[in-house]
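Have the sequence and the 3D view open as you read.

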Amino acid sequence: MGITVTIRTNSGVNTEPEIKTLEPILKVENVWKLYHAGKVEVPALRGVNLDVLPGEAVAVMGPSGCGKSSLLYVIGGLAKASRGKVLVDGNDLVSMTDGERTKLRRHKIGFVFQRFNLLPALSAKGNIAIAQYIHGDGFDPHRFEVVTKMLGLVGRLNHRPSEMSGGEQQRVAIARAIINEPKILLADEPTGNLDTKNSEIVLDMLRRLNKDLGQTIVMITHNPEATTYFDRVVHMRDGVIVDGIPAD
Ligand code: ADP
Ligand code: MG
């Protein structure tokens with residue numbers, strides 16, 4: 001079932017607003033994730049529901065240990081939900097084999113992590129371009145130029161990660177994550193290792209990717225500033241999203 005939204009086109013003053021039905025690009029339905037630590041079962045997610053529309057930017061906040069990373073990994077196919085449905089662009093990740101999930105992740109998801117995770121032996125250019133080769137379509141110079149310009153990396157492309165600041169490394173990681181035009185960009189505390197100034201730069205770039213390129217983003221953050229950059233903030237606690245749930 002889609003969500004009806006009113007889209008105001010700016011093609012003319014007398015134009016009636018267009019009514020369109022947008023299908024969520026991401027649908028999380030009653031998702032559970034149980035970890036087994038010895039004999040103990042740890043329920044990291046306990047029935048999460050979340051819909052994200054194409055072009056939305058959603059920030060996920062909540063205390064440490066409440067299940068934010070588990071949710072992101074399940075959405076991105078890095079981990080398999082124990083129960084429930086995770087629909088990415090209509091494909092249910094929970095019913096897939098590991099191989100199918102990896103393939104879907106490669107084509108539809110981009111990931112950004114707190115610790116950048118760049119390959120130290122490669123230049124910035126190499127770190128970004130390798131994602132295009134792994135994706136399978138080879139180097140696309142036009143997309144490379146658009147992405148590196150937008151992220152302010154043009155003068156840094158021949159540098160290795162050790163020769164770049166944390167903020168620059170994270171921008172390379174973002175470029176790598178979006179170079180293949182993923183349906184969804186997932187970011188797990190992308191400013192967690194950055195100082196205030198670089199955090200602002202990275203958040204601003206994520207906001208511009210969303211506003212200017214229409215990139216759908218789900219980002220975990222502890223940064224209260226993030227709420228001013230993103231359309232929507234959801235709060236998690238003890239393995240569930242608590243927005244809209246009355247306090248006991
Ligand atoms: P957050 O990102 O909000 O800090 P996590 O999703 O990392 O939360 O963790 C949620 C809960 O699941 C925590 O209690 C954590 O200890 C537990 N957990 C996470 N990963 C594992 C794992 N691989 N094995 C066992 N327990 C885990
Ligand atoms: Mg986490």
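## Ground rules

Helices (H or I, at least four residues) and strands (E, at least two) are DSSP runs, numbered from the N terminus. This is a predicted model, in which local features need pLDDT of at least 70 and side-chain atom pairs count only at pLDDT 80 or more, while totals for chains, interfaces and linings use all residues. Residues are numbered from 1 along each chain as its sequence is written, chains are lettered from A and ligands numbered from 1 in the order in which they are written, and side-chain values use heavy atoms, with hydrogens and water left out.

Let us start on the outside. V40 belongs to strand 4, which covers residues 40–52. With a relative accessible area of 52%, V40 is exposed (exposed means over 50%, buried under 20%, and partly exposed in between, using a 1.4 Å probe and protein chains only).

Together with Y35 and V42, V40 makes a nonpolar surface patch of about 240 Å². Patches are made of residues with over 30% relative accessible area and no salt bridge; like charges are joined within 9 Å and nonpolar side chains (Val, Leu, Ile, Met, Phe, Trp, Tyr) within 5 Å. The areas come from the Shrake-Rupley method with a 1.4 Å probe, and for residues only the protein chains shown count as cover.

Six of them form an open sheet in the order 8-9-10-5-11-12, with mixed pairing (two strands pair if DSSP finds at least two bridges between them). Strand 8 (109–112) and strand 12 (240–241) are at the edges with a single partner strand each, so one side of each has no neighbour in the sheet.

Strand 5 runs parallel to strand 10, and four bridges join them; here A57 has I217 of strand 10 as its bridge partner. Strand 5 is also parallel to strand 11 (residues 232–237), again through four bridges, and V58 stands opposite R232 in strand 11. Strand 11 and strand 12 are antiparallel, with two bridges between them, and R237 has V240 of strand 12 as its bridge partner. Their hairpin has two residues between the strands, and D238 takes a positive phi near 45° there.

Which residues have the most contacts inside the largest nonpolar core? They are I128, L185, L206, M219 and F230, in a core of 35 residues. Such a core is a set of buried Ala, Val, Leu, Ile, Met, Phe, Trp, Tyr and Cys residues joined through side-chain atoms within 4.5 Å. Elements that give two or more residues to this core include strand 5 (57–61), helix 3 (124–135), strand 9 (184–188) and strand 10 (216–220). Helix 5 gives the largest share, six residues.

Leaving aside residues up to four places away in sequence, M219 touches V58, A59, V60, A187, P190, L203, L206, A226 and F230 (a contact means heavy atoms within 4.5 Å). A second, separate core has 32 residues, among them L50, I75, L104 and I241.

Helix 1 (residues 68–75) is mostly covered, with six of its eight residues buried: K68, S70, L71, L72, V74 and I75. Just after helix 1 comes G77, with a positive phi of about 75°.

## Charged pairs

Side chains of opposite charge can pair when their charged atoms come close. The whole structure holds nine salt bridges, each a side-chain nitrogen of Lys or Arg within 4 Å of a carboxyl oxygen of Asp or Glu. In one of them K27 pairs with D51, with the closest N and O atoms 3.0 Å apart. K27 is in strand 3 (residues 26–37) and D51 in strand 4, so this pair ties together parts 24 residues apart in sequence.

K183 and D89 form another, their closest N and O atoms 3.8 Å apart. K183 sits in the loop between helix 5 and strand 9 and D89 in the loop between strand 6 (83–88) and strand 7 (91–92), so the pair ties together parts that are 94 residues apart in sequence. Both are partly exposed, K183 at 37% relative accessibility and D89 at 30%. Salt bridges that share partners join D89, K108 and K183 into one network.
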